[in-house]
Amino acid sequence: QVQVAESGGGLVQAGDSLRLSCEASGRTFSIYAVGWFRQASGKERESVGSIAWNGRNPWYADSVKGRFTIFKDNAKNTVYLQMNSLKPEDTAVYSCAVRTGSHSPYKNWGQGTQVTVSS
């Protein structure tokens, strides 16, 4: 089993930056990729981006492309979501999850971390 835990959320102003962490533990050798997701109040959860467990092939949703960067610290089994030029519409609970294969669903969700961007 794999466990993930997010951290790094907070209250920032529009234009600020924030870095979220997703630390994986347990059977990390089984991880194929890590995905970042967010859910704003009253809205459905949406994908933000993902990265392969080897730190390659980052993918980003159009809404964050050019502002967010996903990267991995292999020594710490941690995936980061660097968020720059934050906008009020980025306000949401951000969560990470893992998948164990290219066609496997994301699972082992963390509890999420709140990001609030004030205008």
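Colleague: Where is the nearest side chain of opposite charge to Arg99, and how far away is it?
Modeller: That is Glu6, 15 Å away. A salt bridge here is a side-chain nitrogen of Lys or Arg within 4 Å of a carboxyl oxygen of Asp or Glu. Lys and Arg count as positive, Asp and Glu as negative, and His and the chain ends are not counted.

Colleague: What sort of structure is this, and which cut-offs apply to it?
Modeller: It is a predicted model, where local features need pLDDT of at least 70 and side-chain atom pairs count only at pLDDT 80 or more, while totals for chains, interfaces and linings use all residues. Residues are numbered from 1 along each chain as its sequence is written, and side-chain values use heavy atoms, with hydrogens and water left out.

Colleague: Back to Arg99. Which backbone oxygens does its side chain reach?
Modeller: The side chain of Arg99 comes to 3.0 Å from the backbone oxygen of Ser102. A polar atom of that side chain also lies 3.3 Å from the backbone oxygen of Gly101.

Colleague: And which strand is Arg99 in?
Modeller: Arg99 belongs to strand S9, residues 92–99. Strands are DSSP runs of E with at least two residues, helices are runs of H or I with at least four, and both are numbered from the N terminus.

Colleague: Which residues does Arg99 touch?
Modeller: Leaving aside residues up to four places away in sequence, Arg99 touches Ser30, Ile31, Tyr32 and Ala33, and also Ser104, Pro105 and Tyr106. Contact means heavy atoms within 4.5 Å.

Colleague: How many salt bridges does the structure hold?
Modeller: It holds four. Arg38, Glu46, Arg67 and Asp90 are joined in a network of salt bridges.

Colleague: Start with Arg38. Which strand is it in, and is it buried or exposed?
Modeller: Arg38 sits in strand S4. Its relative accessible area is 6%, so Arg38 counts as buried.

Colleague: How far apart are the closest N and O atoms in the bridge between Glu46 and Arg38?
Modeller: They are 2.6 Å apart. At a relative accessible area of 35%, Glu46 is partly exposed.

Colleague: And for Asp90 with Arg38?
Modeller: In that salt bridge the closest N and O atoms are 2.9 Å apart. The pair links distant parts of the chain, 52 residues apart: Asp90 is in the loop between strand S8 (78–83) and S9, and Arg38 is in strand S4 (residues 33–39). Asp90 is buried, with a relative accessible area of 1%.

Colleague: Where does Arg67 come in?
Modeller: The side chains of Arg67 and Asp90 form a salt bridge at 2.7 Å, N to O. This pair too links distant parts of the chain, 23 residues apart, with Arg67 in the loop between strand S6 (59–60) and strand S7 (68–73) and Asp90 in the loop between S8 and S9. Both Asp90 and Arg67 are buried.

Colleague: What does Arg38 touch, beyond residues up to four places away in sequence?
Modeller: The list includes Glu44, Arg45, Val48, Ser63, Val64 and Phe68. Also among them are Glu89, Ala92, Val93 and Tyr94, along with the bridge partners Glu46 and Asp90.

Colleague: Change of topic. Which residues have a positive phi although they are not glycine?
Modeller: Asn57 has a positive phi of about 55°, and Asn108 has a positive phi of about 55°. Most residues other than glycine have a negative phi.

Colleague: Where are those two, and are they buried or exposed?
Modeller: Asn57 is in the loop between strand S5 (46–52) and S6, and is exposed, with a relative accessible area of 61%. Asn108 is in the loop between S9 and strand S10 (113–118). Its relative accessibility is 18%, so Asn108 counts as buried.

Colleague: Now the overall fold. How many helices and strands?
Modeller: Zero helices and ten strands. Along the sequence the pattern reads β-β-β-β-β-β-β-β-β-β.

Colleague: What are the dimensions of the box, and how much of the protein is buried?
Modeller: The C-alpha atoms fill a box of roughly 40 × 25 × 25 Å along the principal axes. Of the 119 residues, 43% count as buried.

Colleague: What share of contacts joins residues at least 24 apart?
Modeller: Among contacts between residues at least 6 apart in sequence, the share is 52%.

Technical notes: Buried < 20%, exposed > 50% of the residue type's maximum accessible area, 1.4 Å probe, protein only. Polar contact = N/O pair within 3.5 Å; in protein donor to acceptor, adjacent residues only side chain to side chain.
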